[in-house]
Amino acid sequence: MRRIVLIAGMLIVGMALFGCGGSDTESGVTSVNLVVWKPNIPAAWDSALAMFHEAHPDIKIVREIGPHSSSQFHDLVAQKLRNQDPSVDAFLMDVIWTPEFAAAGWAMPLDERFPPSEQDKFFDGCIQADVWDGKIYGVPLNIDAGILYYRKDLLDQYGFEPPTTWAAMIDQIDSIQAGENDPNLNGFSGQFRQYEGLICDMLEIVQSNGGRLTEPESPETMEAIAFVRNELIGDAAPEGVLTYSEQESLDLFTSGGAVFHRNWPYAWSVSKESPIAGQVGIARLPSFKDDMSTSTLGGWRFGISRYSKNPDAAWTVVEFFTSPQMQRHFAVNAGRAPARKTLYQDSAVLAANPHFEEMYPVFETATPRPRTPVYPEVSNILQRFLHSALSQDDADLEALAAKAATEMETALGRVQ
Amino acid sequence: MNSERKAAYALVAPAVFIVAVFVLSPIVQAFINSLYRDTPFSPKTFIGLDNYRTLFSDSVATGTIEFTLIFVIVSTALEILIGLGLALVIHEHFKGRGLVRAAVLIPWAIPTVVAGVMWKYMLNDQYGFVNLVFYGSNVANYVAWLASEWSARMAIIGADVWKTSSFAALLILAGLQSIPEDLYEAARIDGANAVKRFFRITLPLLKPAILLALLFRMMDAFRVFALVYVMTQGAPGGSTNVLQYYGYQKMFPEQQFGYGSAVSVLVFVMIAIVATILIRTVRTRIYES
């Protein structure tokens, strides 16, 4: 019997040891645990960390690299914070997470450290996205917004200007496809897989008709969805876009397989090193009615965990990474559009990213996705609704929309 | 208690302890969790069986249960049939049998996530191998297999059958090898042809092995996750969503721990029922023979 007790005791001790791998603080050096995603361009992050350690020898950043995909990264960070993991000090947040992380009490309000005078230097949309219930919970790192890429050579050849309405885009596609007679040349490519990107693309199209994703039954929303289903997918765009996220849709465009393409600003630098380099133009996304062009707001920010034991050191890290100097660094070396407005007049930033100048007004007016603590659930409901509506030829749009509206109501009712 | 008994208890105690800590307690904990509404946005509240009520009334959940059952039934049926065929082939003596046996096992040895990614590429609408096979260079006819309901469902089932039929074959092959050769010899002398020998000797004596393969495959099929996660994430429109993926969506992205636990408990109960029925059948079969 004693032996069993011994074994049990060993097991328990072993588990206890596994459970608490405490953070070790060297003498005089505070370590800050920073949870970030796997970057596109790792060298830009490595040099940024080196610069930080040179400027702040008293703080050591311990970087934990999570998955590249936003939703998988969300699950990791949410899980850690839900468990009140003290080994998270600062973390990256996607633009859609702030209400959730604030309402759950995971993110720390930063109002004292990040006053309005400092907030004014960022795009208003980025700041609004970080506010929940009157307090600010994040400091923006970069901004994203959807834009239209087009094949300048083809549009020039057929004497077209970039289209301002969806109908004009379809007309241009019809003429170009008729003229080129190339089965490999599609009209449009975008992100319509059942994932977060579908929400971004559809928000742009729906809202450019005056509709709202949160009001799926409104005639404007229905009309826009019917347009995507009847005239884009399987027609101007290959049916495969229903399985495409950013990468696949961009591959189709950069391999010369599409005339028009919707993507985030990063696609510009990718297209520069592709077979269609030099033949790409950018424009605002088309709309149904005049002046209704809509771009979905994206981008990342830093938050600080409420369970952090070193919030002051964590703030030093956040402040450094969101400083003008570092946003310039990430713009020049990683093609990330800065969240700080003044950098759009910076010669180094513009030399590396000449397209930023044209995109400034798009960033200024980018539209946020629905703001609610239960956003992941609302997003899943909308993804299911939109993907069913777009992929099933015999789907009853009205019934699907009514169901989505009820489901969203239930989800939203769950937050007090 | 005599000393022998004491020793016996002492010997099983570590195993019981490990099962209790690592198997039983999570199951009990999941069941307890499933009786609560547990999200980060409101205090944890006891709601009885409400989560289960939602699970059986919400059309998204019932659609998920429906496809999970379709998946389990169709994929295990195909896997047993194909596995039986494979086992019969690799049981025969022929030149290069070792090589064929190894080749048959390759799909089973590939990690599921890798297999899922591979199938996703093969089914791609621009450069997918499957389109090349069906349509050659006729690009205009290329199909986006994962974009419509039935082809996506078939793709998920097909990938699972491709990957795990060889496991069923392995179990059935073990059964084949236990059938004494003299039975066939006697049957041959009595004038039974190959078809008769198969249905009168092979199949009846294989029943325990087939039931065992069915048990393992069904239990595994209920737990399908990786293929769906990698290939479709439930798309198009949720038509390839399975219980394990649905539970994951509720539990992690949506942070609904109570409801997510209810989904896990449902999967556990379904597997437990199937396993109990099959294990009882296997036992009686073995005693009969």
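## Ground rules

Residues are numbered from 1 along each chain as its sequence is written, with chains lettered from A and ligands numbered from 1 in the order in which they are written. Because the model is predicted, local features need pLDDT of at least 70 and side-chain atom pairs count only at pLDDT 80 or more, while totals for chains, interfaces and linings use all residues; side-chain values use heavy atoms, leaving out hydrogens and water.

Let's start with chain B, which has 12 helices and two strands (DSSP runs numbered from the N terminus: H or I of at least four residues for helices, E of at least two for strands). Along the sequence, the pattern is α-β-β-α-α-α-α-α-α-α-α-α-α-α. The C-alpha trace of chain B spans about 80 × 75 × 30 Å along its principal axes.

In the contact (heavy atoms within 4.5 Å), chain B supplies 39 residues and chain A supplies 42 residues. About 3300 Å² is buried between the two chains, with carbon and sulfur atoms giving 54% of that area. Buried area here is the accessible area (1.4 Å probe) that two parts lose on being put together, summed over both.

## Charged side chains

Side chains of opposite charge can pair when their charged atoms come close. A salt bridge here is a side-chain nitrogen of Lys or Arg within 4 Å of a carboxyl oxygen of Asp or Glu, and the count over all chains is 23. Between chain B and chain A the count is one: R82(A) meets D38(B) at 3.1 Å, N to O.

Within chain A, E196(A) pairs with R369(A) in a salt bridge, with the closest N and O atoms 2.9 Å apart. This pair links distant parts of the chain, 173 residues apart: E196(A) is in helix α9 (residues 196–207), and R369(A) is in the loop between α16 (355–364) and α17 (375–391).

## Backbone details

Most residues other than glycine have a negative phi, and most peptide bonds are trans. N181(A) has a positive phi, near 50°, and sits in the loop between α8 and β9 (186–189) of chain A.

In chain B, the peptide bond from A235(B) to P236(B) is cis, with omega near -5°. P236(B) belongs to the loop between α10 (226–231) and α11 (243–251).
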